[in-house]
Amino acid sequence: MSSSKILEPTSELSKALHTKVVADSSATSLVNRLRGKDKDLQTQSVNTYEQFWNGAENNNEKSRASMYKTLTNTYYNLATDFYEYGWGESFHFARRSIDESLRESIRRHEHILFSAAQIKSGMKVLDVGCGVGGPARECVRLTGAHVTGLNNNDYQIQRANIYAAKNKQENHSTFVKGDFMHMPFEDNSFDAAYAIEATCHAPVLKDVYSEMYRVVKPGGYFAIYEWCLTDSFDDNSEYHKKLARDIELGDGIGKLFSTKVALQAAKDAGFEIETAIDLAHETTVSNDIPWYDGLDVRMIDFTNIQAFARSQIGRLFTSNAVKLLEKVGIAPAGTYKVQDILATGADALVAGGKEKVFTPMYLIVGRKPLN
């Protein structure tokens with residue numbers, strides 16, 4: 001395939017692709033959203049994404065790095081509806097305590113980061129790669145800060161604004177379209193900045209961390225959960241390399257970096273590092289259940305709609321339902337491929353977690369010097 005076949009995920013394309021706006025994340029909502037897609041644009045978007053992994057010209061790290069905006073935006077145009085259906089409004093992982101629900105653990109995980117970033121009432125805070133705004137809304141509720149969410153995906157910004165209005169947070173949050181490698185903010189604009197499993201989409205970690213450094217005021221904090229390969233990752237192991245590749249494919253990531261690279265990038269950006277720890281493999285009280293447990297598929301789980309969707313029966317049901325929707329012309333061609341790509345990523349995340357070669361929660365906390 002040639003580069004001329006690439007469909008750029010512009011703002012205009014997003015509006016044309018997502019023709020039906022649905023405000024909730026229920027199973028019925030997923031069907032309505034799939035039915036509301038422009039079928040030709042959805043199929044072309046699937047083909048565009050596949051070129052980065054199977055195409056003759058762009059199936060390489062150099063192309064995925066240089067075209068990171070196309071790669072990531074296309075991925076989230078395709079994956080966001082499935083994310084909300086299968087996981088909820090906060091697209092990240094968390095270790096879980098016994099008798100704690102997934103949603104409760106996710107909130108606790110967010111609270112740990114907000115505390116690390118020293119976020120307090122009245123502050124202006126930046127959420128880098130904010131998704132559909134789940135963590136931003138929790139930050140507003142918990143701290144009373146004003147949160148600006150930065151996201152380069154128009155569809156997710158649209159959904160974040162819908163949820164902000166639903167939660168009556170329009171005056172406490174703002175969602176801005178922009179590239180986190182070139183942030184549309186003045187120097188020293190924010191009291192603190194955080195990112196939750198989002199900057200892994202950057203082609204160069206130092207560059208996105210440097211932008212966070214630039215826009216944070218002197219004395220302000222930077223706190224992130226980063227997706228990384230751990231010290232246990234063996235670059236000579238074909239199995240480990242396949243796991244990394246499947247995670248990248250299944251999650252729209254051009255290249256995963258090591259914890260050492262991430263930590264050095266934060267230092268090189270200028271932050272004074274206060275904490276650097278992998279929370280994924282630290283077993284403490286209240287962290288009894290591993291972060292990948294929600295993806296480690298059970299036969300059946302009726303806890304809630306997201307738990308059912310992640311179970312073996314739920315996956316089978318969703319796969320067959322999507323195939324049927326494609327066959328009868330309700331869902332666009334290629335929708336099943338998207339679900340299959342996501343399942344590939346999910347299985348690799350579980351395996352990577354069990355092998356301890358991957359972490360989605362390498363915590364780095366740094367402070368911008370006062371002078």
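Mentor: Two residues are in contact when heavy atoms of theirs lie within 4.5 Å. Keep that cut-off in mind. This is a predicted model.

Trainee: Let me try it on Ser90. Which residues does Ser90 touch, not counting those up to four places away in sequence?

Mentor: Ser90 touches Arg103, Ile106, Glu110, Gly134 and Pro135. Its place is in the loop between α5 (68-86) and α6. Glu110 also has a polar link: a contact of 3.0 Å joins its side chain to that of Ser90.

Trainee: Is Ser90 buried or exposed?

Mentor: Buried means under 20% relative accessible area. Ser90 has 3%, so it counts as buried.

Trainee: His18 is another polar residue in a loop. Where is that loop, and what does the side chain of His18 contact?

Mentor: The loop runs between α1 (11-17) and α2 (27-35). The side chain of His18 makes a polar contact of 2.8 Å with the side chain of Lys37. Beyond four places in sequence, His18 is in contact with Gly36, Lys37, Asn77 and Tyr155. At a relative accessible area of 6%, His18 is buried.

Trainee: Now the nonpolar core. Which of its residues touch the most other members?

Mentor: The general idea first. Nonpolar side chains tend to be buried together in soluble globular proteins. Here the largest nonpolar core has 52 residues. Phe93, Ile119, Tyr194, Trp227, Leu256, Trp291 and Leu349 touch the most other members. Several elements each supply at least two residues of this core, including α6 (102-116), β5 (216-229), α14 (335-355) and β8 (358-367). Another core, of 30 residues, lies apart from it, with Phe185, Ala193, Ala195 and Tyr209 among them.

Trainee: Take Leu256. Where is it found, and what does it touch?

Mentor: Leu256 is in the loop between α10 (238-251) and β6 (257-258). It is buried, with a relative accessible area of 4%. Beyond four places in sequence, it touches Trp227, Leu229, Ala244, Ile247, Glu248 and Phe358. Leu256 and Glu226 are 30 residues apart in sequence, and their C-alpha atoms are 9.9 Å apart.

Trainee: And Leu349? What is it in contact with?

Mentor: Set aside its neighbours within four places in sequence. Leu349 is then in contact with Phe93, Trp227, Ile247, Asp251, Trp291, Leu295 and Phe358. Trp227 and Phe358 are on the list for Leu256, and they are on the list for Leu349.

Trainee: Let me turn to the rings. How many aromatic pairs are there?

Mentor: The count is 17 aromatic pairs. To read one, check the angle between the ring planes: over 60 degrees counts as edge-to-face. The rings of Tyr213 and Phe271 have planes at 80 degrees and centres 5.1 Å apart, so this pair is edge-to-face. Tyr213 lies in helix α9 (residues 205-215), and Phe271 in the loop between α11 (259-269) and β7 (272-278). The pair ties together parts that are 58 residues apart in sequence. Tyr213 is partly exposed at 22%, whereas Phe271 is buried at 5%.

Trainee: What about Trp227 and Phe358? How do their rings pair?

Mentor: Their planes are at 80 degrees and their centres 5.2 Å apart, so the pair is edge-to-face. Trp227 is in strand β5 and Phe358 in strand β8, 131 residues apart. Trp227 is buried at 7%. Phe358 is buried at 1%.

Trainee: Which rings form a cluster?

Mentor: Ring pairs link Tyr49, Trp53, Tyr75, Tyr76, Tyr83 and Phe91.

Trainee: Which lysines lie over ring faces?

Mentor: Lys124 lies over the face of Phe190, 5.9 Å from the ring centre. Lys368 lies over the face of Tyr213, at 4.8 Å.

Notes:
Residues are numbered from 1 along each chain as its sequence is written. This is a predicted model: local features need pLDDT of at least 70, side-chain atom pairs count only at pLDDT 80 or more; totals for chains, interfaces and linings use all residues. Side-chain values use heavy atoms; hydrogens and water are left out. Helices (H or I, at least four residues) and strands (E, at least two) are DSSP runs, numbered from the N terminus. Buried means under 20% relative accessible area, exposed over 50%, partly exposed in between (1.4 Å probe, protein chains only). A nonpolar core is a set of buried Ala, Val, Leu, Ile, Met, Phe, Trp, Tyr and Cys residues joined through side-chain atoms within 4.5 Å. Rings of Phe, Tyr and Trp (its six-membered ring) pair if their centres lie within 6.5 Å; planes under 30 degrees apart count as stacked, over 60 as edge-to-face and the rest as tilted. A charge sits over a ring if NZ of Lys or CZ of Arg is within 6 Å of the ring centre and within 35 degrees of the ring normal. A polar contact is a pair of N or O atoms within 3.5 Å; within protein, one must be able to donate a hydrogen and the other to accept it, and residues adjacent in sequence count only if both atoms are side-chain atoms.
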